[in-house]
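Let's take a walk through a protein model together. Keep the sequence and the 3D view open, and look up each residue as we get to it.

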Amino acid sequence: MDASYKATKYLMDMGHRKIGIIATSNFSTVQERIKGYKAAFANAGIEYDESLIASVDELSDKMSRKVCHEFLEEHPDITALYILNNSLCSGVLLDLKERQMKIPQDISLLVWDDEEYNELLDITTIEQPITEIGKQATRRLFELIGEPEETTDFECKKLDPELIIRKSCTLPKYRK
């Protein structure tokens, strides 16, 4: 939730007020990210608009492209898009290309999860410490294998994601 709050605040600090979200709704982690988005609006004293959250039912380029297209048709005044799952990003990029919208000149883009093409395209992202998450999970698994009577123990460690600022976000260009 904290990283999503920070990402939303980053866009707000640039002057964005119409920040659209494209997300899959069936993951608890995505719901936490939406909570961070809502909290940033509340703390800034800006009215939150539920209609600025678009849900994608499946992780596919075709579906995210379709949802992005419909979403931007319905909300042409969006100045920034915040994509809560990198698997949706390529479909969004395809729709923006079809519309001949340039990033960040026409719309700012911030994406959750970092992949090589985000770096290549200078897309601002939230990077999760995937390697460290894997190491911690593996370490815990080996501990439980070595001490099976302790398998009922639950361990939760918070590993903080990082906002990686690149060139896909800028001051809003208001349309319509």
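First, some ground rules. This is a predicted model, so local features need pLDDT of at least 70 and side-chain atom pairs count only at pLDDT 80 or more, while totals for chains, interfaces and linings use all residues. Residues are numbered from 1 along each chain as its sequence is written, and side-chain values use heavy atoms, with hydrogens and water left out.

Now find helix α3 (residues 61–74) and helix α4 (residues 89–98). Names like these come from DSSP runs numbered from the N terminus: helices are H or I with at least four residues, and strands are E with at least two. The axes of α3 and α4 come within 7 Å and cross at roughly 50°. An axis here is a line fitted to C-alpha atoms, for helices over the stretch in contact, and angles run from 0 to 180 degrees between N-to-C directions. Under 35 degrees counts as roughly parallel, over 145 as roughly antiparallel, 65 to 115 as roughly perpendicular, and the rest as oblique. That is why α3 and α4 are called oblique to each other.

Who makes the contact (heavy atoms within 4.5 Å)? From α3 come D61, S64, R65, C68, H69 and L72, and from α4 come S90, G91, V92, L94, D95, L96 and E98. These residues divide into 5 nonpolar, 4 polar and 4 charged. In this scheme, Ala, Val, Leu, Ile, Met, Phe, Trp, Tyr, Cys and Pro are nonpolar, Asp, Glu, Lys and Arg are charged, and the others, Gly among them, are polar.

On to the rings. The structure holds 3 aromatic pairs. Rings of Phe, Tyr and Trp (its six-membered ring) pair if their centres lie within 6.5 Å; planes under 30 degrees apart are stacked, over 60 edge-to-face, and the rest tilted. The rings of Y37 and Y48 have centres 6.0 Å apart and planes at 80°, so this pair is edge-to-face. It links distant parts of the chain, as Y37 sits in helix α2 (residues 28–44) and Y48, 11 residues apart from it, in the loop between α2 and β2 (53–56). Ring pairs join Y37, F41 and Y48 into a cluster.

At 0%, Y37 is buried, whereas Y48, at 24%, is partly exposed.

Next, the loops. Between α4 and β4 (108–112) you'll find P104, and a cis peptide bond, with omega about 0°, joins I103 and P104. The loop between α4 and β4 also holds Q100, which has a positive phi of about 60° although it is not a glycine. Q100 is exposed, at 67% relative accessibility.

Last, look at two residues and their neighbours. K18 lies in the loop between α1 (2–13) and β1 (19–24). Leaving out residues up to four places away in sequence, K18 touches D49, L52, D77, I78, T79 and A80.

Key:
Contact means heavy atoms within 4.5 Å. Buried means under 20% relative accessible area, exposed over 50%, partly exposed in between (1.4 Å probe, protein chains only).
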